[in-house]
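Dear colleague,

I am handing over the structure we spoke about, and my notes on it follow directly below. Please read them with the model open beside you.

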Amino acid sequence: MSDRPLEGFGTVVVGGSRGIGAAVSALLAGCGAGVVVNGRDAAAVDATVSSITSAGGAALSHAGSAAEESVAQDLIALCEKEFGAVDALVNCAGAPEPPGSSILNVTTDEFRRLIDVHLITTFATCRAVAPKMVARGRGAIVNTSSFAFLGDYGGTGYPAGKGGVNGLTMAIAAELAEYGVRANVVCPGAKTRLSTGPEFEEQIASLRQRGLLDEVSAQGALDAAPPEYVAPMYGYLVSDLARSITGQIFIAAGGFVGRFDRPSPSLIGYRDHHDSPPWSLDEIAAMLA
C-alpha cells in the first residue's frame, strides 16, 4: 500500500489545533491529504498549520467556533476551494467539565456551553458537509466521543454531549449509507491538556474514591499515551481502507483498539396486547427481581 493513502483528499479537522486534533491533522497531512485546521484559538491553529507545512504537508487555517453555522459552512467552502472537495470531516473539538461539576451543582449556562462545544459543533459541521458528500456519492465523517458517555467519569454536560454525538453519528450513518457516505465515532484515550495537571489528577482520585472508576481505568486515565497513538484510527476511518465501515463506535487508547457493540434489547417478558391486559407493577417487579 502507498505511504500516502490520502493523496488528493480534502479534509477538515474541527478542533484540529491542539491535542488529539493536532495529531490527527498532522497524520492526515502526512498521508497526503490537504487539511483545513479549525480551532477557537487562532494562534494555536496557525501554529499547527505552520508545523504541518514546515514538514511538507498541505494545510490551511480557519479559526472560529464551528458551532456557529457560518463558521461551519466557511470551513467546508474553504476546503472545496483549496483542495477540490471535502472527502472527510473529522470532529475533535472538546472542552472539559468544570471541576467538581455534577447534576447537583452544574449551571444551565455551563451545561449549554458543553452541549454547544461537543454536540452542536458536530451537528453544524455535519449539516454543512452532508449535502456536499451526498452530491459526490462519497465521503467519510469521523466524530469524537468519549468513554465518559457511560457516566463513569462524572459530570453532566460532557457525557450528555458525547452521548448525543454517538446518537447523531449513528443516525447520519443510517441516513447517508445509500449515498456512499460513511459516519463513525472514535472514543479516544490520550494525554492532552484536558487530561493532565493537578485538577485532573484530583478528579480521577475523587471518582476512584466514590466508586465510579475501577483501579485499572483510573491508572489508565493517569498514564495515557500521547495523541499520536490515537490518530491512526482516525486516519484509517477517513481512508478508503474503511470503505465498508459505517455506523460504528470505536475505541483508541494507546495500544488498545476496541469497539462498542451496538446496543440491542433483551427480552424480559412478553404478552400480546390484543388479548392481555397491561402488566401490573407487581408482575414487572417479579420479572425484574
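**A partly exposed tryptophan and its surroundings**

Trp279 has a relative accessibility of 32% and therefore counts as partly exposed, a class that lies between buried (under 20% relative accessible area) and exposed (over 50%), computed with a 1.4 Å probe and with protein chains only. This residue is found in the loop between β8 (256-260) and α9 (281-288), where helices (H or I, at least four residues) and strands (E, at least two) are DSSP runs numbered from the N terminus. Together with Ile268, Ile284 and Leu288, Trp279 forms a nonpolar patch on the surface with about 370 Å² of accessible area; such patches are made of residues with over 30% relative accessible area and no salt bridge, nonpolar side chains (Val, Leu, Ile, Met, Phe, Trp, Tyr) being joined within 5 Å and like charges within 9 Å.

Before going further, please note that this is a predicted model, in which local features need pLDDT of at least 70 and side-chain atom pairs count only at pLDDT 80 or more, while totals for chains, interfaces and linings use all residues. Residues are numbered from 1 along each chain as its sequence is written, and side-chain values use heavy atoms, with hydrogens and water left out.

**The chain as a whole**

The chain has nine helices and eight strands, and 46% of its 289 residues count as buried. Of the contacts (heavy atoms within 4.5 Å) with a separation of 6 or more, 69% are between residues 24 or more positions apart. The accessible surface, from the Shrake-Rupley method with a 1.4 Å probe and, for residues, with only the protein chains shown as cover, comes to about 14500 Å², and 55% of that belongs to carbon and sulfur atoms.

Helix α2 (residues 42-54) buries Ala44, Val45, Thr48, Val49 and Ile52. These five residues lie on the same side of α2 because they cover an arc of only 130° around the axis, the arc being that of the directions from the helix axis to the C-beta atoms. The buried residues pack against α1 (19-30), β2 (34-39) and β3 (58-63), whereas the face turned away from them carries the exposed residues Ala43, Ser51 and Ser54.

In helix α1, Ser25 is buried, with a relative accessible area of 0%, and, residues up to four places away in sequence not being counted, Ser25 touches Val13, Gly16, Val35, Val37 and Ile52. Ala33, in the loop between α1 and β2, is likewise buried, at 1%; leaving aside neighbours within four places in sequence, Ala33 is in contact with Leu6, Phe9, Thr11, Leu28 and Ala58.

**Salt bridges**

Taking a salt bridge as a side-chain nitrogen of Lys or Arg within 4 Å of a carboxyl oxygen of Asp or Glu, the count comes to seven. One of them joins Asp41 and Arg18, with the closest N and O atoms 2.8 Å apart; this pair links distant parts of the chain, since Asp41 is in the loop between β2 and α2 and Arg18 in the loop between β1 (10-14) and α1, 23 residues apart. Lys132 and Glu80 form another, at 3.6 Å, which connects helix α4 (residues 108-136) with helix α3 (residues 69-83) across 52 residues. Finally, Asp87, Arg136, Arg138 and Asp240 are linked in a network of salt bridges.
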